[in-house]
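This report concerns the side-chain packing and pairing in one protein model. Please consult the sequence and the coordinates while reading.

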Amino acid sequence: RFFCFNTDHKVIGVQYLVTFVIVFGLAGLLAMVVRWELLTPARDLGGDAYNQVMSLHGILMVAVAVAAVLGGLGNYCVPLMIGARDMAFPRLNALSYWLIPPVAVLLLTAPFVGGWDSGWTAYPPLSVVNAGGQVLFIVAIVIFGLSSILGGLNAIATILRMRAPGMTMLRMPIFVWSVFAASIISLLFTQFFAASLILVLLDRVAGTQFFEAAGGGNPLLYQHLFWFYSHPAVYVMILPGFGITLEVLAHFSRKPLFAYRAAVAGFLGIVVLSGVVWAHHMFTSGMANFMQIPFMTLTELISIPTGLVFLSALGTIWRGRLWLRTPMLFALAVLFNFAIGGVTGIYLADVATDIHLQDTYFVVAHFHNTLIGGTVFAIFAGIYYWFPKMTGRMLDETLGKIQFAIMFIGFNLTFFPMHMSGLLGMPRRVYTYSEGMGWDLWNLLSTIGAFTIAAAVLVFMINFVVSIML
């Protein structure tokens, strides 16, 4: 039943999780290729191949971060948590998952028709004139966006209409609130990414000139449409991760969640503000100068609802009787990693510092601290926490702690040096660099850290297989 069209929300949740664990592994292998190329200034891959590998790695990791928690743990746990028999629209739920395999096939087929080298952002004019793999990328993302919209709609309907008697909104588990908030963002904003890519596709195949300045188009239009979705998408990725983290912290601190209503208000505040901060990605793009200060202010305001969530987390562990099992260790790491990502984000929100740091490895370090350090660590916390519920078996605790130690060290060894190379001016999306720039040591450390993360994921796979087979 796990390999066919099934409407059971638990089966669909497992299908999502297994699929995205595989996708995460593929994206990780591509990351190893990227880091190997940057280990030294020597040119091994060449620019075209490197850009294609980097682009495929980026979109696969974004897909994992967007859908693994909402589609996997969200599908499995939310109906159980609110006392519903299933999702509101079971067949639509199954369709949401079965739209994913064609997406994976299209993305993995793209390198065989020339690939694409525009990164996951697909900025024109490069995305309009590059190889044919770009078309497969566009079709894949439009299908993936449809899956996200249908999944968000289903989750919202389930949470609003199918709660058990007595389960009021303010009695729902905090993870359910995080899924609800992320689903609102997914439902409202995803179509803007799809619309921007459809316009790129029309420029490629129909001869339109939406983004060609010489033909009356505007290249900045794409960036506005793209980031109007893609910055809220960050919160689609991290909000469910926050929900998992708060659930795990409360359980393993052996006390109720602190400031539950403040955490809920934080989630809803993030939803409201997420749609009005997109242009801080465009301070150096040539947009009108009068827009810079308002977007800088709005971007920094979003730290207030995020701070409420952190207040809830810190208050929960304060004076708690902490039980440092594997899920708890990963949840505590989420707080540490995301705090670094949040603090570095302040520099990128300020116009003056962003002008210096824009498109450097400081930006790469920042968003990996939020998405990998926050979302992926939270996914592992959730898997270790709910694995017995899903399978009736326990993951080995010793192997879990070994994985955590290796992964935490490897993660910080990978991305802390990127802050330093970014401050020294190393641009992102480059496959080679000159000696004597001061970047060699930091790239060496980042590459060692990346392979350390790979070793940690290998430990998890061994733990998973042993737990299932024995």
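The sections below treat the nonpolar core, the salt bridges and the aromatic pairs of this predicted model.

## Nonpolar core

The largest nonpolar core comprises 147 residues. Within this core, the members that touch the most others are Phe20, Leu107, Phe137, Ile174, Phe175, Leu239 and Phe267. Helix α2, spanning residues 47-82, supplies the largest share of the core, with 22 residues.

Phe20 can be followed individually. When its neighbours within four places in sequence are set aside, Phe20 is in contact with Ala63, Val64, Ala67 and Ala68, and also with Ile100 and Phe144.

## Salt bridges

Side chains of opposite charge can pair when their charged atoms come close. Five salt bridges are found in a search of the whole structure. One of them joins Asp8 to Lys10, with 3.5 Å between the closest N and O atoms. Asp8 has a relative accessible area of 19%, and because the limit for buried is under 20%, Asp8 counts as buried. Lys10, at 30%, is partly exposed.

A further salt bridge is formed by the side chains of Arg325 and Glu397, at 3.8 Å from N to O. This pair links distant parts of the chain, 72 residues apart: Arg325 lies in the loop between α11 (303-317) and α12 (326-349), whereas Glu397 belongs to helix α15 (residues 397-423). Arg325 is partly exposed, with a relative accessible area of 26%, while Glu397 is buried at 18%. Arg325 and Glu397 also belong to a network of salt bridges that includes Lys401.

## A bridge between two loops

Arg428 and Asp359 likewise meet through their side chains in a salt bridge, with an N to O distance of 3.6 Å. Both partners are in loops: Arg428 in the one between α15 and α16 (440-469), and Asp359 in the one between α13 (351-357) and α14 (361-391). The pair links distant parts of the chain, its residues being 69 apart.

## Aromatic pairs

A pair of aromatic rings is described by the distance of the centres and the angle of the planes. The count for this model comes to 44 aromatic pairs. Among them is the pair of Phe330 and Phe404, whose ring centres are 5.3 Å apart. Their planes stand at 80 degrees, and because an angle over 60 is classed as edge-to-face, this pair falls in that class. Phe330 is in helix α12 and Phe404 in helix α15, so that the pair links distant parts of the chain, 74 residues apart. Phe330 and Phe404 are both buried.

Tyr384 and Phe460 form another edge-to-face pair, with 6.1 Å from centre to centre and 65 degrees between the planes. This pair also links distant parts of the chain: Tyr384 is located in helix α14 and Phe460 in helix α16, 76 residues apart. Tyr384 is buried, with a relative accessible area of 8%, and Phe460 is likewise buried, at 4% relative accessibility.

Notes: Residues are numbered from 1 along each chain as its sequence is written. This is a predicted model: local features need pLDDT of at least 70, side-chain atom pairs count only at pLDDT 80 or more; totals for chains, interfaces and linings use all residues. Side-chain values use heavy atoms; hydrogens and water are left out. A nonpolar core is a set of buried Ala, Val, Leu, Ile, Met, Phe, Trp, Tyr and Cys residues joined through side-chain atoms within 4.5 Å. Buried means under 20% relative accessible area, exposed over 50%, partly exposed in between (1.4 Å probe, protein chains only). Helices (H or I, at least four residues) and strands (E, at least two) are DSSP runs, numbered from the N terminus. Contact means heavy atoms within 4.5 Å. A salt bridge is a side-chain nitrogen of Lys or Arg within 4 Å of a carboxyl oxygen of Asp or Glu. Rings of Phe, Tyr and Trp (its six-membered ring) pair if their centres lie within 6.5 Å; planes under 30 degrees apart count as stacked, over 60 as edge-to-face and the rest as tilted.
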